[in-house]
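Reader: I would like to learn how to read a structure such as this one. Please take me through the features in turn.

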Amino acid sequence: MAQDLKADIIFQQTGEMVSVSDRIEVSEPQKIDIKLEIMKTGKSGKASTVQGNSITAEPGKSYQSNHLALALQTGDKISALLNLYINGKLVLTKERTFTFDPTTSKDQGKL
């Protein structure tokens, strides 16, 4: 079933803010439980959060299930872990990191 899923973690930088979200696509209808863990470390402090949601996904659509915005300082690092579950079974894991640099607006992630 994991081959029927596409997922990624998206980092979107705007000024001194970075938003972290997930994006999910399926090739067949399915109910997916989603867990996005985000950890931040650096000059602005240390924090972590876990967001979760369930969706019934349809083919041909892109889904964003979780979203978080963070105010960062130069050099702060974000680690994000995305886990997708079907019928209680872990079927897909993605992990990404991001180091904040206010002089660039890099990355965004692609499926």
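Reader: In which strand is the place of Lys77?

Author: Strands are DSSP runs of E with at least two residues, helices are runs of H or I with at least four residues, and both are numbered from the N terminus. Lys77 has its place in strand 6. Before going on, note that this is a predicted model, in which local features need pLDDT of at least 70 and side-chain atom pairs count only at pLDDT 80 or more, while totals for chains, interfaces and linings use all residues. Residues are numbered from 1 along each chain as its sequence is written, and side-chain values use heavy atoms, with hydrogens and water left out.

Reader: Is Lys77 buried, partly exposed or exposed?

Author: Buried means under 20% relative accessible area, exposed means over 50%, and partly exposed lies in between, with a 1.4 Å probe and protein chains only. Lys77 has a relative accessible area of 45%, so it is partly exposed.

Reader: Which residues is Lys77 in contact with, leaving aside its neighbours within four places in sequence?

Author: A contact means heavy atoms within 4.5 Å. Lys77 is in contact with Met39, Lys40, Thr41, Phe98 and Thr99, once neighbours within four places in sequence are left aside. Thr41 is 36 residues from Lys77 along the chain, yet their C-alpha atoms are separated by 5.4 Å.

Reader: How many helices and strands does the protein chain have?

Author: The protein chain has zero helices and seven strands. Read from the N terminus, its elements run β-β-β-β-β-β-β.

Reader: How do I read strand pairing, and in which sense do strand 3 and strand 6 pair?

Author: Two strands pair if DSSP finds at least two bridges between them. Strand 3 and strand 6 pair in the antiparallel sense, over nine bridges. Within that pairing, Leu36 has Leu82 in strand 6 as its bridge partner. Strand 3 is also joined to strand 4 by 11 bridges, and these two run antiparallel. Here Asp33 has Ser54 in strand 4 as its bridge partner.

Reader: What lies between strand 3 and strand 4 in their hairpin?

Author: Five residues lie between the two strands of this hairpin, and Gly42 there takes a positive phi near 140 degrees.

Reader: Which residue has a positive phi although it is not a glycine?

Author: Most residues other than glycine have a negative phi. Asn87 has a positive phi of about 55 degrees and is not a glycine. Asn87 lies in the loop between strand 6 and strand 7. With a relative accessible area of 76%, Asn87 is exposed.

Reader: Which residues touch the most other members of the largest nonpolar core?

Author: A nonpolar core is a set of buried Ala, Val, Leu, Ile, Met, Phe, Trp, Tyr and Cys residues joined through side-chain atoms within 4.5 Å. The largest one has 26 residues, and Leu5, Phe11, Val20, Ile32, Ile78 and Leu84 touch the most other members. At least two residues of this core come from each of strand 1 (5-14), strand 2 (17-26), strand 3 (30-41), strand 4 (47-57), strand 6 (77-86) and strand 7 (89-99). Strand 6 gives the most, with five residues. Not counting residues up to four places away in sequence, Ile78 touches Phe11, Val18, Val20, Ile38, Met39, Leu70, Leu72, Arg96, Thr97 and Phe98.

Reader: How many salt bridges does a search of the whole structure find?

Author: Side chains of opposite charge can pair when their charged atoms come close. A salt bridge is a side-chain nitrogen of Lys or Arg within 4 Å of a carboxyl oxygen of Asp or Glu. The search finds three in the whole structure. One of them joins the side chains of Asp8 and Arg96 (4.0 Å, N to O). Asp8 lies in strand 1 and Arg96 in strand 7, so this pair ties together parts that are 88 residues apart in sequence. Asp8 counts as buried, because its relative accessibility is 7%.

Reader: What share of the residues of the protein chain count as buried?

Author: Of its 111 residues, 38% count as buried. Among contacts between residues at least 6 apart in sequence, 62% join residues at least 24 apart.
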